[in-house]
Amino acid sequence: MKPDITNNEKDVNGFIFACTTSSQEECLSRMLFGSSRQYGALAVKVRKGDFLFLHNLDTDVLYGVFRAASDGKKDIVAEAWGGSYPYQVTVEALGDIVPLANATELFKHLNIKRSTILHINSVMRLCSFFRPYNTELKKWWATLLICKGKKDFILETVRNWELLGKAQKLTDVEEVPELQATTLWDFPRQSYGKTRKGDNKYAGVTPAELIWNLVWRYTEPGDLVVDPMCGSGTTLDVCKEEGRKAIGYDISPPKSRDDVIQTDARKIPLPDNCADLVFVDSPYGDNIKYNDHPQNIGNISSETQEFYDELEKVIKESHRILKPGKVLGWLIGDQWVKKRATPVGFLLYNKLTKYFETVDIICVARRNQSSNTGIWANRARRFNFYLRGFKYLFIMRKQLSGTSHVAEERKINWAFYERSRTASKNIG
Ligand SMILES: C[S@@+](CC[C@H](N)C(=O)[O-])C[C@H]1O[C@@H](n2cnc3c(N)ncnc32)[C@H](O)[C@@H]1O
């Protein structure tokens, strides 16, 4: 294959795909790389011409260098690997396929993971490990140097030449979020990646990675996501980057955005059964002043029944617009104010179960709250109360037609394991 050098070469990215010894043969005979949902978000970001590497997890060998012959998308060859790796890209080898042993060690030195996207300088650094064994790659390298008139780029490249073989940390990289595996989610930052998602100055803004996790767990590229109370538009920004269609409403859209539609979430202007995911981060009561709009539910105290009755109207509308079998994610926190605790989450969950079946309940660590200060921590200890440390994310499913959302009774055959003697001693 002749390397296709274009003036956009500086924009190419690099991706690492994984295989096992049993799936490797199919990768190379089909010249197709694939991934499960776990790394699907990376696979669909591959663009034709990007550089790809294949890591055999069993032998710890890294094969390179490949270039993407298509954009990444779902089910290019639906039957490949029996359907286990549906997010795929077709590939071409750039010259001879070179195997590099001890890939994990190399990744450790370079400080990269499967979830890392390599930008051009990092791609070249990783390619430099293969270059001495691959004449085609040497030619590509030389052409690139001639193609690029820009002095800074050439200097950067020359520096990379000097670093050949010295595995130093790659910095021209981007991290893609990973799917959360447990029911405890903790995001240190509001946003991720190169572009801003939502506005971290917006009161009550949602962590973007939380929405990313719902989008990748419960939808496919091209699906429709609806956020009826979308505030600064975090959901819209995440969905745009992940190739989902998205509609965002708010009772008082921020002036900075023209894609948030002014609507009351209790009357969503969409037909029945049209959405693949609904996400709601509602007010938790009247603790935050969002706006002066008379229909703002955030003006109603969560100590009153009215608050839950109004949110129930949003629940009903979310249920109506969701396709059967699809998911609603609802983020909410409890309240403690003036010596009174209100279990807002439990009270809302009670309403949700009238319409939906429970998929799961996630505990989301609260960060960057205005009460996250030493003064408030001291007050909490002195006056014997607790600061709110988490929110609930209720993940609820609309039942398929003809089925009940109330879980059927069933018999579980639990496997019991005998506790080891030392373990029980330590606990006892
Ligand atoms: C916690 S904020 C949402 C934050 C948003 N997810 C973000 O990342 O910026 C709650 C939002 O609900 C909106 N809201 C309150 N009452 C509403 C209603 N009746 N209809 C639609 N939106 C409403 C508020 O204006 C506020 O923007």
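**Loops, ligand shell and core**

I started with Trp-81, which I found in the loop between strand 5 (73-74) and strand 6 (87-100). The model is a predicted one. I read a positive phi of about 50 degrees for Trp-81, although this residue is not a glycine. Buried or exposed, or in between? Trp-81 has 19 other C-beta atoms within 10 Å, so I put it down as partly exposed; 20 or more would have made a residue buried.

Next I looked up Lys-338, in the loop between strand 15 (335-337) and strand 16 (340-342). Its phi is near 45 degrees, again a positive value in a residue other than glycine. Lys-338 has 6 other C-beta atoms within 10 Å and is therefore exposed.

I then checked a peptide bond. The one from Gly-64 to Val-65 is cis, with omega near 0 degrees. Val-65 belongs to strand 4 (residues 61-68).

Which residues come nearest to the ligand? I noted Gly-204, Met-229, Gly-231, Ser-232 and Thr-234, out of 27 residues around the ligand. Sorted by class, this shell holds 11 nonpolar, 12 polar and four charged residues.

Last, I turned to the largest nonpolar core, which has 92 residues. Leu-52, Phe-53, Leu-54, Val-215 and Val-278 have the most contacts inside it. Helix 7 (residues 208-218) gives the largest share of this core, seven residues. Domain 1 (7-175) and domain 2 (184-397) each supply at least three residues to the core. For Val-215, leaving out residues up to four places away in sequence, I listed contacts with Val-225, Val-238, Cys-239, Glu-242, Arg-244 and Leu-277.

Key
Residues numbered from 1 in each chain as written. Predicted model: local features only at pLDDT ≥ 70, side-chain atom pairs only at ≥ 80, totals over all residues. Near = placed C-beta within 6 Å. Nonpolar A, V, L, I, M, F, W, Y, C, P; charged D, E, K, R; others polar. Core = buried A, V, L, I, M, F, W, Y, C linked by C-beta atoms within 7 Å. Buried ≥ 20, exposed ≤ 12 C-beta atoms within 10 Å, placed from the backbone. Helix = DSSP H or I, 4+ residues; strand = E, 2+ residues; numbered from the N terminus. Domains from an automatic or database assignment. Contact = placed C-beta atoms within 7 Å.
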